[in-house]
Amino acid sequence: MMLTAAMASTAAAVAGASVQRKDDPLQIFDPMNFGAKGDGKALDSPAINAAIDACSRGGGGAVHLRPGIYRSGTVILKSNVALYFEAGSTLLGSTDLHDYSEVAGISKNGPNPRHLIFAMDAEHVTLAGPGLIDGQGPHFWERSGKVPLPPEDAWVDVASHELKPKEGGRPSPLLEFVNCRWLRIEDVRIENAPGWTLRPYNCDNVTISGIAIKNPVNGPNTDGIDITCCQNVSVSNCSVETGDDATCLKSETPYGGEPRLSKNIVVTNCRLTTCCNGFKLGTGSEGGFENITFSNSTIYNSEVEFKDRVISGVALEVVDGGWIDGVQVTGIEMQRTRTPIFIRLENRKRVHDYPQHGLRNVTIENVNATGALLASSITGIEDDKVRDVTLSKIRAENVLPCRPEWVGRTVPEKDNSYPEARMFGMLPASGLYVRHVRGLQIHDAAFSATAGEARPTVTLDDVIGARVSGLQSSPISGGMPVVQAIHSSDLQISN
């Protein structure tokens, strides 16, 4: 196959300098030379894998998919190989599970061991190009039989609970990278994942840039990007539209052993929409998360039903014995997100007994949230408090009219439940509910609610050491205060 100079230059860039030899041009392999048809009917994964094998044996280079539809089972990437998708090319996931290889070594508690693209123990691996990866997810789903909720509970419903996976399994995660170093995923479109879309697990030096993920909003368990036990990761300029958590950092061990510390991870300049959570840490949360930044991003929904809207814009959760220590969230715009901020520490299970266990040192600033339905919350449990959280320059609008039964409502502890903003039911505060926290700072925060709102704007319950300054609130009807303090001490409220 003859490549234009521009195409060769792009392929060389994505392949990386490590695959080029001093005296030889970049090697570019065309799967059609290995028997691929690109007609959407023939199974082309054997030919694609043969091209990858030849590229790897030759020391590395690029495998180039020219325009066409390549029906495929599992494609296995190897070190020093870039898989490049030309504009007009589609890698079409087969609907026959027998076309997918089962991954050896996955633990019993892991997800389905079948994937469309897979790499393990590889270095300098790249996926790039303006082409499309289509997992044909709807083929693997069926109606769940879920009974619709009554209109008064519509705010708690979730669109993706309407479907469930069919018996027999599905390829998930669609793209799986295990124990890889110097992994790059750039510019590709990924659509219709049958389950989780993209998971780097136990990887180092990962760059994910400019990709677009688009799954149906009612697709069950269709997480966008699940960064699991990875270090030194950059996710930037990505668009994720999906039916489960859009971007999620996890700490769990589907391949066995103890979880590796997740650290030095940056997610920035992204656009996220879903019916679950926008940016989330946990679950699983068996190990640690340190040095995490989420910045300059938009989390949004159109004017859709409540069940189709983001549950939490930012969700930080430790419930499995791990820890969060050092999270920075800044410059986030949220539109029609049900709950802007959800921070939760509890004891659902204790997989490992780590001395670092806990949730601490979190700063969230410059957040503007319009069209929210439920107050933000920061909650620990009685004998395990969240520590040292700072909220600064927060603007949050609650548009759900208050009901009398919400005022003064007792909030259940639920210290071993699945963590989610809607887990407590409607909260007895319109802007922020805080319980079992030590060390809280709120600066320059403004909360607004609908006319007739009768709940406090902020509730502090079992909070020790709070500093609140520059708080603004819309008017409250009835006798409730703007800030309600219960069983709390060492509080300072000013300005």
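Reply: This is a predicted model, in which local features need pLDDT of at least 70 and side-chain atom pairs count only at pLDDT 80 or more, while totals for chains, interfaces and linings use all residues. Residues are numbered from 1 along each chain as its sequence is written, and side-chain values use heavy atoms, with hydrogens and water left out.

Me: Where is D30 found, and is D30 buried or exposed?
Reply: D30 is found in the loop between β1 (28-29) and β2 (39-43), strands being DSSP runs of E of at least two residues, numbered from the N terminus. Buried means under 20% relative accessible area and exposed over 50%, with partly exposed in between, for a 1.4 Å probe and protein chains only. Because its relative accessible area is 4%, D30 is buried.

Me: Which backbone nitrogen lies 2.9 Å from a polar atom of the side chain of D30?
Reply: The C-alpha atom of D30 is separated by 6.5 Å from that of L65, 35 residues apart along the chain. The side chain of D30 has a polar atom 2.9 Å from a backbone nitrogen, and that nitrogen belongs to M32.

Me: Which residue of β17 stands opposite R184?
Reply: Two strands pair if DSSP finds at least two bridges between them. Strand β14 (residues 181-186) runs parallel to strand β9 (residues 123-128), joined by five bridges, and V125 stands opposite L183 in β14. β14 also pairs in the parallel sense with strand β17 (residues 204-209), again over five bridges. There, the residue opposite R184 is T207.

Me: What is the angle between the planes of Y201 and Y255?
Reply: Rings of Phe, Tyr and Trp (its six-membered ring) pair if their centres lie within 6.5 Å, planes under 30 degrees apart counting as stacked, over 60 as edge-to-face and the rest as tilted; a search of the whole structure finds three such aromatic pairs. One of them is stacked, Y201 with Y255, at 5.4 Å centre to centre and 25° between the planes. This pair links Y201 in strand β16 (residues 198-201) to Y255 in the loop between β22 (247-251) and β23 (262-268), 54 residues apart. Both residues, Y201 and Y255, are buried, and the angle between their planes is 25°.

Me: What is the angle between the planes of W323 and Y354?
Reply: W323 and Y354 form an edge-to-face pair, 5.4 Å centre to centre. W323 is in strand β28 (residues 323-335) and Y354 in the loop between β29 (339-345) and β30 (358-372), 31 residues apart. W323 and Y354 are buried, and the angle between their planes is 75°.

How values were computed: Helices (H or I, at least four residues) and strands (E, at least two) are DSSP runs, numbered from the N terminus. A polar contact is a pair of N or O atoms within 3.5 Å; within protein, one must be able to donate a hydrogen and the other to accept it, and residues adjacent in sequence count only if both atoms are side-chain atoms.
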